[in-house]
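I wanted to look at how two chains of a model meet. These are my notes.

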Amino acid sequence: MNKTLNRRDFIKIMNATTGVAIVASGITLTTFASVSEIPVTNKKRWGLLINTNKLTETDIDGMINACKQEQGWGTEIHSTASQKPAWIKKLKVKDKATNKVSSLALMCQHCEEPPCVDVCPTNASMKREDGIVLVDKHLCIGCRYCMMACPYDARSFVHETLNNQKEHMPRGKGTVEACTMCVHKVDKDETPACVESVNSEAVIFGNLYDESSQINRTLRVIQSSQIRADLNLNTGVRYSGI
Amino acid sequence: MNRFLVVFLSLFVSSVFAYIDEYVNLGEQASSIKLSGKVFHKNPSIIRKMHPEFLRHKRDKTLRQGIRTNEYSLKGCVSCHANKNKINNQYYSVDKKGQFCSDCHKKVGVSFDCFSCHRTVPREDLL
Amino acid sequence: MSNIRFEQIEGKSLGFYTLIIGLGILILAALGSVYYVEHYGHFVTGMNNRIVWGMPHVFALFLIVAASGALNLASIYSVFNKKLYKPLSRLSGLVALSLLAGGLMVLVLDLGRIDRLIVAMTEYNFKSIFAWNIILYNGFFVVVAIYLWMMFERRMNKFSHKVGLVAFSWRLILTTGTGSIFGFLVARQAYDAVIMAPMFVIMSFSFGLASFILILMASYKWTNRPLGDIIVNRLRNLLGVFVAAVMYFVAVYHLGNLYLAENTGIENFILFDGGIYTKLFWYGQIILGGIVPIGLIYHPITKGDRSMLGLSSVLIIIGGFVQLYVIIIGGQAYPMELFPGKEVLEGYGDIAQYLVSLPEIFLGIGGIALAMIIVTFLVKFLAFLPESLEDDLADSYHKG
Ligand code: SF4
Ligand code: SF4
């Protein structure tokens, strides 16, 4: 992280001495709805709660489509089914004792102790202060060690050349990617695309730490679980009903 | 060795300066801004020299800290400096031959890697 | 003692040039496939999002593991002071370096973004065992190079024992590190075992020695230099012990896993109903790469036969590849346990399919070819090989 600091200082000096700045007078560039200028902090921890009792299979298909639309994956032409990215997938599980079948959406669980980050040799896999786990594709060398380490099969490798990516979601051949919890929307105080696509309360998004948030309040009263809780990764994505 | 480095660096920097005004293919929006007499980059030569640093700095802030201002945003560069094909009304990719980014980079002989991942044309709804 | 005469090989024969050209072609084929894969993307390979490490990694890991094992003979001489191995120590260092170079070439050239190699060398995540391995590999080159220099340079000879000790410890750490690449993957049932690291160390002994024996016998045969039975028999016995040790570790590893309730799934898969992986395990790894070589090495009829020793070495190497294939690919093919106590009906949980592609194989073979070409060139230009390893000479080193 030191390097970033140095760079920042450097730019500061550059700004002060030469007065380089974008003068946006009279020019309308891309305008953002709300602009976040302050670094995210660990006062927040973003999370999802997925209630499999309420979540229908159609909901899950809708979530997957919304994710594809928003982030631009799924249109790869050369990759085989098992090579295509899958940021979010539909799983059906049967309880061996009760025979109850539940369907759920599985994506990156945004672990608090993410194995993918621990193993990444170049710091490309990283966790933001607010708990969102991302791949810094500028640093990713495509070694796929993070894919070996992720317990949830959440990551995908881009197997072919891409173009016409979404402006907010750079993606490219030879690097690894996964669910970003729609970080570009979250930073604008919006909700992840998959959550928006579900009409019921089956999927809740919010700040796990905020005691007044719906997700926090719900988690306090209902039975919920983490997938592979035994690994102690303290995931940001929680499930109820399984 | 040091002398060699100095010579090399000054050649390198001067090659950046060499293209100040011959450069015609500024891109759609950038050209119209220039024509209207407005100033976008107060000091273009600094931008010319330093934009990799600015972009790199910005990228780390955005990606790692969630700071999403449009200062030094690559999206901004692309949306201003992209050209449109007059016939089919489609944008050319800025990294394609003859376009703003690639042309200049080619002239100064510096490779760049932004567009193996980043979108090369302005956003859909700007089309 | 100082009467071992190391000498370059002549390297002017037709055979020498044919060998160089042949290896060169293999390396070119590897580079060609790398260009092909990088240009189009990894969709042209058999690897996918479930089998993320494929054939290149089998080759790379084999070469890296064998590299550290090949250094053993030098270590036996300088650390344990067994003079018999002194004449072999230079070659041992050389084989170690070249195998490692070959392995790293394969590993690096399979990256998704080879062009960012500089990132891998400058951005370190010190929590990552992978990053540590990068340091260990680079360090190995340096340490072994210094070690070789100490051995070559007469006035430095006196330090060679100390440096040899460093090299020996370094190689142990290196192989442990390589094994830990897997050992740290807690989520994968196939790899989550402490025994993974020591098992890799033992594997390195056996694969490294087998490679070394082949190179030694080939170079002495092709250059018509005498190679006596004493040394060969020593190496043969050592090899037998190492292979048996690998078998022992494999048995402990699988038995241990069988008794660990959470890992019985993957164990049953590899041992009994894993289709190709089960077959490879039993026929390839155990029978071909273990039992047959042990038989050839110890059976009175084949015991004294040098070509049988060559055959055992080849089988051990093949068995080693198969073993790594089963560990790497088989371990990934079997799905991770996402919901203990539940059955995943849909969406995940099937056995992942992997169909190896030609570019992957070319790349892997290119790594072997690179290692071989380095050995071939260097024994021509530097005095790595003793002029003779005749019995009486060997005997005198032994006593001296
Ligand atoms: S789910 Fe996988 S990819 Fe996501 S943070 Fe956890 S380990 Fe990393
Ligand atoms: S593939 Fe990229 S993100 Fe994953 S471990 Fe390797 S460098 Fe890190």
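The entries below concern the interface of chain A and chain C.

Conventions: this is a predicted model, in which local features need pLDDT of at least 70, side-chain atom pairs count only at pLDDT 80 or more, and totals for chains, interfaces and linings use all residues. Residues are numbered from 1 along each chain as its sequence is written, chains are lettered from A and ligands numbered from 1 in the order written, and side-chain values use heavy atoms, with hydrogens and water left out.

Extent: I looked up contacts (heavy atoms within 4.5 Å) and found 53 residues of chain A touching 54 residues of chain C. I noted a buried area of about 4,500 Å², with 57% from carbon and sulfur atoms; this is the accessible area (1.4 Å probe) lost by two parts on being put together, summed over both.

Polar side: I counted 36 residue pairs in polar contact between chain A and chain C, both residues at pLDDT 80 or more. A polar contact is a pair of N or O atoms within 3.5 Å; within protein, one must be able to donate a hydrogen and the other to accept it, and residues adjacent in sequence count only if both atoms are side-chain atoms.

Salt bridges: the rule (a side-chain nitrogen of Lys or Arg within 4 Å of a carboxyl oxygen of Asp or Glu) gives five across this interface. I checked Lys94(A) with Glu343(C), whose closest N and O atoms are 4.0 Å apart.

Strands: I found E2(A) joined to E2(C), residues 342-346, by four bridges, the two running antiparallel. Strands (E, at least two residues) are DSSP runs numbered from the N terminus, and two of them pair if DSSP finds at least two bridges between them. Val93(A) has Val344(C) as its bridge partner.
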